[in-house]
Amino acid sequence: MTAQDREERIRELLPLVRRIARRVHRVTRGADPDDLIGDGSIGLIRAVDGYDPARGTTLETYARRLIVGAMLNGLRKLDPVSERVRRTLRRAEERRYELGQQRGTLPSLSELERTDPALRRARAVVYSQTPLSLDAPLARNDDALADRTHEPAICANAHEKSAALAEAVALLPERQRRILALHYISEVSLHAIGSRLQLSPQRVSQLHLKALVRLRGTVILP
């Protein structure tokens, strides 16, 4: 490949870098778009230089994988928490939902910490190394401000979350919506809900957990 051919291929695929950067930025708002494009461009250059048509894939497909990888590596460098700690937290979340499916109720991370010292250390590291943002609400246990209930930013954030939650609940199957309404609004126990809906307690717990898992996939729940 001549130097001119190399430069032309890089220029042709630069729009791909920008498209991928926009998509990554949509899910990682804290990332700088210019930094994403810069990291992605490095991945693109590596793809053009290392591309081998004999592998049976197109240059664009090969470049896409390296571009995304370069952007993610750039984001990891900005994270003050190590990948090992993040991996420990991800595995804990997976184990948490597995136990929830078995029990019918979702265990708390504090409960998992009692049998997993590594998880306790990982959560402590995340708490100590995550910087405090002046643009975000303070943590629930932070008493730096006596009364922040009526702060505009907090009120707007709460309203936005409430609207997102209401929309997500409306998309749930009818039976799951009824269980949530009876349990959280009417304060009916899951066992009593089973009697009302003529379902076993285990089935009610399963539907309740499915609803929570689905909501957690669309909105941030406490």
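Student: At what angle do α1 and α2 pack, and how far apart are their axes?

Tutor: Two packed helices are described by the angle between their axes and the distance between the axes. In this predicted model, α1 and α2 pack at about 140°, and their axes are 8 Å apart. Angles over 145 degrees count as roughly antiparallel. α1 and α2 are therefore oblique to each other. The crossing of α1 past α2 is right-handed.

Student: Which residues of α1 and α2 meet?

Tutor: On the α1 side, they include R6, I10, L13, V17 and H25. On the α2 side, P33, L36, L44 and D49 are among them. By class, this contact of α1 with α2 has 12 nonpolar, three polar and four charged residues.

Student: Which residues have the most contacts inside the largest nonpolar core?

Tutor: They are L13, I20, L36, L44, A63, I67 and M71, in a core of 18 residues. α1 (3–27), α2 (33–50) and α3 (59–78) each give two or more residues to this core. α1 gives the most, with seven. Take L13. Beyond its neighbours within four places in sequence, L13 is in contact with L44, L59, E60 and A63. A second, separate core has nine residues, including V188, L190, L199 and V204.

Student: How do α4 and α10 pack?

Tutor: Helix α4 (residues 83–103) and helix α10 (residues 201–216) pack at about 155°, with axes 10 Å apart. That angle makes α4 roughly antiparallel to α10. R96, Y97, G100 and Q101 of α4 make the contact with L209, V213 and R216 of α10. By class, that contact has three nonpolar, two polar and two charged residues.

Note on methods: Residues are numbered from 1 along each chain as its sequence is written. This is a predicted model: local features need pLDDT of at least 70, side-chain atom pairs count only at pLDDT 80 or more; totals for chains, interfaces and linings use all residues. Side-chain values use heavy atoms; hydrogens and water are left out. A nonpolar core is a set of buried Ala, Val, Leu, Ile, Met, Phe, Trp, Tyr and Cys residues joined through side-chain atoms within 4.5 Å. Buried means under 20% relative accessible area, exposed over 50%, partly exposed in between (1.4 Å probe, protein chains only). Helices (H or I, at least four residues) and strands (E, at least two) are DSSP runs, numbered from the N terminus. Contact means heavy atoms within 4.5 Å. Axes are lines fitted to C-alpha atoms, for helices over the stretch in contact, and angles run from 0 to 180 degrees between N-to-C directions. Angles under 35 degrees count as roughly parallel, over 145 as roughly antiparallel, 65 to 115 as roughly perpendicular and the rest as oblique. Ala, Val, Leu, Ile, Met, Phe, Trp, Tyr, Cys and Pro count as nonpolar, Asp, Glu, Lys and Arg as charged, and the others, Gly among them, as polar. A crossing is left-handed if the near helix is turned anticlockwise from the far one by less than a right angle, and right-handed if clockwise.
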